[in-house]
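How are its helices and strands arranged?

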Amino acid sequence: MLILRDVCKTYGELSVLKEVNLELASDGIYCLMAPSGYGKTTLLRLILGLEKADSGEIRRDVSNSPKNTFERRSCYYSAVFQEDRLCEDFSPLDNLVLTCGKTLTREQLVQEMCCLLPEESIRRPVRTLSGGMKRRVAILRAMLASSQVILMDEPFSGLDEDMRHTVIRYILEHRKNRLLLVTTHQEEDVELLGARLIRLSDCP
């Protein structure tokens, strides 16, 4: 379980998050919705440890899990950011090898990538790919990483409707009961993911 207690974050005089309280089950699917500028991205960055809350607590409750199972994982979180954050001169395959190469062979990675990408795109530089293809590489990287929690910040931006449906099916098939937290502006995504909707305005 991922637990947030009275989490607050300000930038100067701007209060972005105020006393956010959440309990997210280890096998749950959640969609986080709020207007732009309301703190969705900031909340994910706080969970990832990329920023520090001004006050409050973010912790993992592993009391019901085998001792040290989570703490020994090399990657507790995997994430899709609003920016793709790929190595542009590397191929999509080489980008995935960087994060997943210790648990999956190149052949296995190619097989997975062909679920979302044309095979001819897998070995050419990322900088030659369309925005939608880059987005799919970022999603594949997060899904195939050895992690316990998957965080996705508006992952379906740049995807047309058919591809969004395909990507969501892939995510659900490969989630492996991991906690999934997705920020989105689309009510339809909540239904397609079978997620519990969380509105930041309702926290606490």
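Q: At roughly what angle do the axes of helix α2 and helix α3 cross?
A: This is a predicted model. In it, helix α2 covers residues 92-100 and helix α3 covers residues 106-113. Their axes come within 10 Å, and the crossing angle is roughly 120 degrees.

Q: Are α2 and α3 oblique or parallel to each other?
A: The axes cross at roughly 120 degrees. Angles from 65 to 115 degrees count as roughly perpendicular and those over 145 as roughly antiparallel, the rest being oblique. The crossing of α2 and α3 is right-handed, and the two helices are therefore oblique.

Q: How many residues of the contact of α2 with α3 are nonpolar?
A: On the α2 side the contact is made by Pro-92, Leu-93, Asp-94, Leu-96, Val-97 and Cys-100. On the α3 side it is made by Arg-106, Leu-109, Val-110 and Met-113. Of these residues, 2 are charged, none is polar, and the nonpolar ones number 8.

Q: Which strands are the edge strands of the open sheet of 5 strands?
A: The strand order in this sheet is β5-β6-β7-β3-β8, and the pairing is parallel. From one strand to the next, the twist averages 20 degrees. Pairing on one side only marks the edge strands, which are β5 (77-80) and β8 (196-199).

Q: Which residue in β6 is the bridge partner of Tyr-77?
A: Strand β6 spans residues 149-153 and runs parallel to β5, with 4 bridges joining the two. The partner of Tyr-77 in β6 is Val-149.

Q: About what angle does helix α4 make with β5?
A: Helix α4 is formed by residues 131-144. This helix lies across β5 and β6, and its angle to β5 is about 170 degrees.

Q: Why is one side of β2 and of β4 left without a neighbour in the sheet?
A: An open sheet of 3 strands has the order β2-β1-β4, with antiparallel pairing. Both β2 (14-24) and β4 (55-60) stand at its edges, so one side of each lacks a neighbour, as each has a single partner strand.

Q: Which residue in β4 is the bridge partner of Cys-8?
A: Strand β1 consists of residues 2-11 and pairs with β4 in the antiparallel sense over 5 bridges. The partner of Cys-8 in β4 is Ser-55.

Q: About what angle does the direction of α1 make with that of β1?
A: Helix α1 packs on the sheet and touches β1, β2 and β4. Its direction and that of β1 make an angle of about 120 degrees.

Key: Residues numbered from 1 in each chain as written. Predicted model: local features only at pLDDT ≥ 70, side-chain atom pairs only at ≥ 80, totals over all residues. Heavy atoms only, no water. Pairing = 2+ DSSP bridges. Axes fitted to C-alpha atoms, helices over the stretch in contact; angles between N-to-C directions. Contact = heavy atoms within 4.5 Å. Parallel < 35°, antiparallel > 145°, perpendicular 65-115°, else oblique. Left-handed = near helix turned anticlockwise from the far one by under 90°. Nonpolar A, V, L, I, M, F, W, Y, C, P; charged D, E, K, R; others polar.
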